[in-house]
Amino acid sequence: MHPSDTNLNNPTPVISIRGLYKSFGDLQVLKGVDLDVFKGENVVVLGRSGTGKSVLIKIIVGLLKPDKGRVNVLGQEVENLSGKELDALRLRVGFSFQNSALYDSMNVRENLEFPLKMNVKNLTKKQINRAVEEVLNAVGLKEKMKQMPADLSGGQRKRIGIARTLILKPEIMLYDEPTSGLDPITSTEINNLINEVRENYNTSSIIITHDLTCAKVTGDRVAMLLEGRFLKMGNFEEVFSTDDEQIKSFFNYNFIT
Amino acid sequence: MSHSKSRHHIFSQGIDQYFTDVYNAWQFVLRFFREAFKPPFHFGEIIHQCYEIGCRSLALITLTGFVTGIVFTKQSRPSLAEFGATSWLPSLISIAIVRALASLVTSLICSGKVGSSIGAELGSMKVTEQIEAMEVSAINPFKYLAVTRILATTITVPILGLYCGFVALLGSYFNVHAHEDTSIISFFENGFSSISFLDIYTSIFKSIIFGFTIGVIGCYKGFNASGGTQGVGRAANQAVVLSMFLVFIEEIVIVQVSNWIRYY
């Protein structure tokens, strides 16, 4: 799917951010961020560490409050939502954490069952089993059902983290550094999984990363976040071939390292 | 830079931080009462936590209670023997154990074992984003993690306190029996003749307050842990130190109030 196609077919964005500001003490992290994500689109937010990429997606799910600006997700203003409304919205938005954030006192199966049992009432054991098997098949880790998170590799933990969000069938996926700390082969597998999730679950996604391969493989559009603002937005080639010195130095540094 | 920093603090950074901490802890307690009586109620998790807390502390409480009973009896005997009053031993020991020692010893053990464990567990969940993961899955982490644990300590510590008192009296009985050949029935009859219902109610009430304190402090420190693994250690350590300190303060206040009730 090409991003321009999605934009033409679905002019209303599923995520719309306008004039977003956020600071922590004296440190201003976001300085007026604007972003639209359209249905079925994967938008990659690229940038150096500490530039506020993760802060951006935490604001989208209401984990952090912005100082200023407007965040609209699936037609709802996040700032104005009550606790119950925010919870209802969160069920439609999956969040994959940088370090997977699996519950380490539960095995893989319990990790996957937990959000389902807590949010969907009157499910039979059979329905829960089917849902667990379905998401484990989707991430290709059916045989790991009884293992504890501590026994999994980094890549497997990421996959289970993604499976845990998929079990609630989200419309939007937010990936925080999905390939960080992984070897190139596992990174490729995760990149492919992100694309498969979009195809099979019809999700729209924001992918936070500083991994250029991940950006190129998964992103319909790439937004370059530097010094609290999006300096450039477009497809990977457009952003990559920019004349902006800051962006060029980011790409050069990443290729060297 | 120093000018801009000083503008943010009313007094010094340390004093401001202390008052902010007290205010946040108070808000944490208020939130507990707001959330505890609102559905959904996680009864399964409360029972699971009660079991965990009880099992985790039972062996240590049995040993400590038993040893306390024996040692306290052994140490009191010579002083009473000087006045030929060793027959008062059961009464003296029962008063000490029921009024003070059982609840205090249990609470101090639970502060160390349970408080640190809650602080470390929740602290670890906080720094590894597991608490945030619950939040984004539309699960209220405060209700699922904090309310259940605070209720569990509030229920379990009084039960453990009663058990500790019983074991301590049993230890005391073994020592008395070894010297005076007293039967267990006469030991307990003699002992409980000096105990009033006020003593028992006060002891249970104290244990409830201590249990609540241990749960609140453990959860508060865990939920506010930051700074990686070091932060987890700090949260566990602070949970123990602060809950022990508060248990002693509460002991003094409750003893004072119960004495007023007793004598006026």
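Reader: What should I know before I start?

Author: The model is predicted, with local features needing pLDDT of at least 70 and side-chain atom pairs pLDDT 80 or more, while totals for chains, interfaces and linings use all residues. Residues are numbered from 1 along each chain as its sequence is written, chains are lettered from A, and side-chain values use heavy atoms, without hydrogens and water.

Reader: How many helices and strands are there in chain A?

Author: Helices (H or I, at least four residues) and strands (E, at least two) are DSSP runs, numbered from the N terminus. Chain A has 10 helices and 10 strands.

Reader: How do strands make a sheet, and in what order do they stand in the open sheet of 4 strands?

Author: Strands of a sheet pair through backbone hydrogen bonds, either parallel or antiparallel. Two strands count as paired if DSSP finds at least two bridges between them. In chain A the order is β2-β1-β4-β5, with antiparallel pairing. β2 (27-37) and β5 (76-77) are at the edges; each has a single partner strand, so one side of each lacks a neighbour in the sheet.

Reader: Over how many bridges do β1 and β2 of chain A pair?

Author: Strand β1 (residues 15-24) pairs with β2(A) over 8 bridges, in the antiparallel sense. Within this pair, Ile15(A) is opposite Val37(A) of β2(A).

Reader: What share of the residues in chain A is buried?

Author: Buried means under 20% relative accessible area, exposed over 50%, and partly exposed in between (1.4 Å probe, protein chains only). Of the 257 residues in chain A, 52% are buried.
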